[in-house]
Amino acid sequence: MSLPSPHDEPPSDAGGAVGAAHAPATPDNGGHRAGSNAAAWRSFLTRRGLGLIVNILLLVLATFFIVQLIPGDPATAIAGENATLEQVEQVRTELGLDRPMWDQLTSYIGGVAQGDFGDSFRYGLPALELVLTAAPYTLAIAGVAVSLVLVVGVTLGMAVGIATRGDRNAWLDRSFTAVMSVMQSIPPYLQATMLVLIFAVWLAVLPPAYSLAYGTVESALLPIAALSFGGIASVSRIVRRETAVTQEMDYMRTARGWRLPALRRFAKHLVPNLLTTTLTLSGIILTSMLGSAIIVETVFAWPGLGTTVIQAIAIDKDYPVIQAAVFFIGAISIFITFVIDVILGIIDPRTLGGQHD
Amino acid sequence: MTDAVRLPSDPAEAPAPSIARKRGFVWNGTLITGLAMFAVVIVVAVAAPMFLGEQATALSDQPNAGRGAEHALGTDSLGRDMLARTLVATQLTVGMALAATALAAVAGIAIGVGVWLAPRRIRELGLRGIEFAVSYPTLLVAIMVAAILGKGAITAVFAIAVANTAGFARLTSNLAAGLSSRDFVTTARLMGVPPHRLAMRHILPNMSEPMLILVAQAFAGALVEISGLSFVGLGSQNPSFDFGTLLDDALGKLGTNPILVVGPAAALVFTSLAALLIGDGLAAAANPRSAGTRSKLLRLTPSAADAAAGSSVEAPEAPEGLVVDARRLTISHAASGRELVKDVSFTIRRGEILGIVGESGSGKSLTASTVARLVPEGLEARAASLDVAGTDMLGRVSPTELAQRIGLVYQDPGTSLNPALTLGSQFSDVLTSRLGHSRKEARARIVAGFRSVLLPDPESRLGQHPHELSGGMKQRAMIASAMSTAPELIIADEPTTALDVTVQREVLSIIKRMNVEHGTSVLFISHDLGVVRSLCDRVLVMREGQIVERIDSTDQLTVDTVDHPYTKQLLAATPVVTVDALDAPEGRS
Amino acid sequence: MSDTLINIADLNVSFGDAHILRDVDLRLERGRTVGIVGESGSGKSTLAKAMVGTVKPSSGELWVAGLDVRSATRRELARYRRSVQMIPQDPFSSLSPRQTVGQTLAEAVDPRRARVAHHTDLIAHWLERVGLDADMIHRYPHEFSGGQRQRIALARGLIVEPELVIADEITSALDVSVQSQILDLLDEIRQSLGLTMAFISHNLAVVQRVSDDVMVLYQGQVVEAGPVAQIYSDPQHWYTRRLLAADPGSPTFSIG
């Protein structure tokens with residue numbers, strides 16, 4: 001039943017049996033078995049796991065050098081222009097800047113391993129504790145916003161992409177592009193300002209800033225909205241474009257050749273291919289939303305990581321807090337990137353092999 | 001005048017293979033709008049400080065004024081005119097953003113090229129480093145730099161430049177990697193072109209389009225980010241001011257004097273929108289999407305048909321035993337009206353294999369797609385009549401009927417199967433959705449089909465993805481799928497072109513077997529006269545959209561027996577294996 | 001100097017566990033053309049890369065034009081690569097879209113400076129030699145058809161007066177009538193210049209038109225080699241027979 005293989009006698013149509021060389025396996029034997037998938041996952045997880053560790057180590061190094069790279073004498077710079085000599089020396093010993101660099105690095109890494117970034121200059125509390133108190137606020141709004149961006153952005157982009165295929169609904173194409181371009185070009189902090197103006201100042205239905213007088217949910221609505229709109233605009237535009245591109249693939253023509261109903265063609269044949277490219281492209285947008293969160297928070301005096309880190313830089317020069325906050329935000333973005341790769345692997349096992357762009 | 005059928009088809013491949021893809025720049029509205037808006041921004045940035053500089057910093061006795069005749073956008077707490085301040089701030093804001101973008105581009109491209117030029121190990125390491133840097137939020141990197149260097153305008157520029165460098169480095173190294181596998185780079189390298197000249201001559205010039213797009217996008221990003229830094233107090237410091245600081249001032253008085261926010265907000269959005277539009281416009285110009293009109297399949301009215309023919313055409317009456325009866329088929333490009341297939345008529349009898357041969361641009365594939373009622377986007381097909389197995393393809397035809405009449409096999413088995421779905425899943429769709437089979441029945445039918453095309457281990461193929469099969473096996477699976485609806489006609493468009501010759505023969509023999517065993521007619525498109533000669537019963541030779549010769553017996557397919565000079569030329573050009581030793585030219589043995 | 005230009009013996013190439021080429025032998029005299037025939041996975045492109053020195057063999061002898069390619073120094077290898085010219089398959093990737101024909105050819109003559117003005121006569125000569133007009137020197141690749149691009153690629157290979165030309169499936173992307181013209185040109189050029197050539201193709205009929213000798217590769221091994229007339233008329237190995245039977249240009253081609 002199977003194909004003629006070079007191991008066998010020469011195939012009947014090739015004539016008599018003349019010394020067939022000891023050639024290797026059949027060219028047409030169909031390749032992979034079921035086990036290859038598990039093996040691909042194992043090597044993927046090993047590789048990405050190692051990558052994760054290396055990235056975290058790089059992050060530890062980067063946060064360590066935040067203090068080291070301050071031009072001139074870091075201790076003087078941190079203590080400020082008006083500081084007395086004693087104050088400068090105090091900063092120096094607290095940050096360990098009087099010790100050799102290697103010594104500082106090892107004790108810094110040792111500290112980080114135990115969750116110790118030093119004590120906040122301003123509050124005297126452990127820096128990580130301050131960061132961990134603020135983190136849930138940031139994670140709450142960023143998490144909701146990321147989910148909104150993915151769900152709304154992908155659905156909207158796909159719907160518009162399908163509705164405007166070919167020359168259909170040119171008006172929708174034009175107005176979608178116009179609205180989304182404008183929405184994308186308004187920075188999140190500006191959207192935040194405008195939302196405050198509309199909902200807090202004019203309509204006075206929502207609090208202009210985080211306040212215990214209102215519930216956490218009411219206070220969170222505006223920050224989440226400000227954070228999501230831009231992302232929704234970017235993601236939906238990417239998805240719309242990818243929808244158009246994917247629809248022109250040969251396999252979509254094959255699906256049309258099978259005369260499949262539109263819904264099945266889009267939901268089953270288009271979506272999985274679309275998600276792969278979309279997720280690959282959206283990864284950067286999602287992590288950048290963490291960055292936007294930092295600034296949006298300050299508009300609403302939202303007591304999250306953004307407010308914490310900006311106050312620490314701009315006002316307090318509270319370096320242990322800066323280091324802890326930067327480490328924490330960086331770790332989250334590394335984690336998001338990792339999760340996206342895992343989801344990609346589940347949707348399309350081919351991406352497990354490594355490069356997919 | 002016509003009985004139009006709007007096909008439920010979607011954008012297909014390129015409008016027509018024969019339309020030469022002209023490389024070049026296509027201006028578009030988006031780009032022009034963006035450039036015009038940006039020109040306004042530049043003019044304001046240059047002129048405003050010269051003419052309004054004093055007004056913007058002059059204190060007046062009207063602090064915190066609202067909207068008024070004297071101050072269109074109000075005044076700040078020191079009584080300075082907000083409109084003038086906004087216009088003057090354009091220079092600093094745009095200047096900082098431009099500087100940051102330029103720095104990031106130069107540094108990023110240099111790093112990208114450097115990584116590409118470096119020895120393999122360093123390159124791997126460099127690429128990893130770039131990936132690591134890119135996965136960070138730009139603003140976090142910017143804040144780290146600000147933490148190191150302290151706050152201020154120059155710090156902000158530097159911080160945003162550093163943060164955006166990774167993006168440029170990644171694009172450069174990705175593009176360079178893609179380009180360096182292109183033949184012209186490999187050849188130049190082998191010729192002995194030194195690496196740095198390779199980069200300057202071949203790599204950088206060929207990445208200018210995507211790079212310009214990224215520059216525009218990065219500028220929009222830098223503008224927003226720098227203003228963001230100023231907004232939170234890390235950017236430009238008193239007494240200098242940019243959009244961000246103005247916005248920060250306005251935010252504090254949002255409750256009392258909201259008009260203040262209008263100036264900087266509008267300016268920021270306007271500038272950022274200009275950059276985004278330029279980016280979109282450049283992307284569209286570099287990769288123009290043919291705004292193709294929907295495809296159409298129309299019936300020539302009898303009078304039009306007569307007029308065109310110049311003689312009376314006997315009433316089309318489908319004779320018994322014809323599976324395809326196509327009369328006066330013309331396909332034209334809807335926008336230009338150019339005819340790609342001109343007045344083609346042919347029939348296919350039951351159980352017959354009809355071959356259409358021709359070179360690229362002959363219209364053979366378009367003819368086949370039209371018979372399948374899959375006219376590519378942007379094209380318009382007209383015919384006096386087009387019947388497939390007794391169904392009028394110019395009228396309303398249900399998808400079920402289409403699926404039962406016609407099975408399709410495509411040229412490249414590598415791209416025509418859905419990479420994300422298993423074979424069982426994608427092949428069973430037509431059977432469950434159009435033929436009413438249960439999932440189980442459908443899968444059993446497909447396994448039977450796999451067995452009949454001699455696919456080894458048919459049951460386990462159902463769970464495999466296309467990439468797990470070789471090209472020949474994919475094409476056999478495709479034939480099995482096309483046969484699964486028991487169609488009366490198989491349309492095979494160059495089904496073996498992408499395959500090795502020995503695999504080609506296996507696939508051809510399977511097509512032949514399906515034809516013999518099931519009596520399925522075949523419309524076989526090919527450029528290879530040798531293949532057509534041995535597979536087909538009759539052959540049409542097409543050239544530039546017309547049938548130049550009809551050959552009713554493939555025995556007649558020799559230089560001496562064909563009539564048309566083009567067919568003779570084609571036959572003469574087709575390479576032949578000469579097996580008689582005496583025929584070998586002298587001096588070659 | 002010996003008349004043998006290529007002398008390959010027991011050549012092996014492997015990447016990790018994958019043996020791409022096994023014990024390949026090839027001897028080619030000056031002025032002759034060998035057709036290297038095989039299907040995908042046969043290792044024919046790897047053999048070409050080994051000959052230009054971009055793939056490192058794991059063992060065996062590899063002498064081309066009097067140079068031991070395997071143990072050549074960097075400098076020797078750089079000079080050697082100019083004397084062995086590879087003409088690539090894809091006419092749309094073989095020329096830089098941003099360079100004029102003149103710049104492309106000038107770069108071949110002088111890889112460092114690539115000044116067109118210094119070599120105008122030479123470039124014009126070679127353009128005419130491959131059947132193009134000398135005044136096409138300032139045109140860009142997108143202004144040419146696939147067949148014309150392959151002519152330009154050929155001119156770029158020949159302008160350095162190489163000792164060996166390796167043509168890697170140079171006609172497989174072309175229409176038959178264009179292919180026929182390119183093959184005519186190639187045949188005429190190799191005869192009049194006394195060119196030594198390795199002509200790689202999957203198409204036996206095409207190989208026969210331009211080759212003196214033929215070598216059949218199957219899964220990295222040479223299954224048969226010798227003069228074209230002999231191999232085509234009296235193939236000894238079943239795979240050669242199978243290939244011959246499967247070639248649509250073969251008189252015995254039929255679909256079983």
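**View 1. B:Arg434 and its contacts in a predicted model.** Leaving aside neighbours within four places in sequence, B:Arg434 is in contact with residues that include A:Trp258, A:Arg259, A:Leu260 and A:Pro261. From chain B, the list of contacts includes B:Pro399, B:Thr400, B:Ala403 and B:Asp429. The model shown here, as in every view, is predicted.

View 2. Is B:Arg434 buried or exposed? B:Arg434 is buried. Yet B:Arg434 has no salt bridge. The nearest side chain of opposite charge belongs to B:Asp429, 10 Å away. A salt bridge needs a nitrogen and an oxygen within 4 Å.

**View 3. B:Asp429 and its partner in chain A.** Which side chain meets B:Asp429 in a salt bridge? The partner is A:Arg264, with an N to O distance of 2.8 Å. B:Asp429 is also in contact with B:Arg434.

**View 4. The interface of chain B and chain A.** Here 85 residues of chain B are in contact with 78 residues of chain A. Together the chains bury about 7,300 Å². Carbon and sulfur atoms account for 62% of that area. Three salt bridges are found across the interface. Polar contacts link 18 residue pairs, counting pairs with both residues at pLDDT 80 or more.

**View 5. The side of chain B that touches chain A.** Helix α4 (residues 138–149) of chain B gives the largest share of this side, eight residues. By class, this side has 49 nonpolar, 20 polar and 16 charged residues.

Note on methods:
Residues are numbered from 1 along each chain as its sequence is written. Chains are lettered from A and ligands numbered from 1 in the order in which they are written. This is a predicted model: local features need pLDDT of at least 70, side-chain atom pairs count only at pLDDT 80 or more; totals for chains, interfaces and linings use all residues. Side-chain values use heavy atoms; hydrogens and water are left out. Buried means under 20% relative accessible area, exposed over 50%, partly exposed in between (1.4 Å probe, protein chains only). Lys and Arg count as positive and Asp and Glu as negative; His and the chain ends are not counted. Contact means heavy atoms within 4.5 Å. Buried area is the accessible area (1.4 Å probe) that two parts lose on being put together, summed over both. A polar contact is a pair of N or O atoms within 3.5 Å; within protein, one must be able to donate a hydrogen and the other to accept it, and residues adjacent in sequence count only if both atoms are side-chain atoms. Helices (H or I, at least four residues) and strands (E, at least two) are DSSP runs, numbered from the N terminus. Ala, Val, Leu, Ile, Met, Phe, Trp, Tyr, Cys and Pro count as nonpolar, Asp, Glu, Lys and Arg as charged, and the others, Gly among them, as polar.
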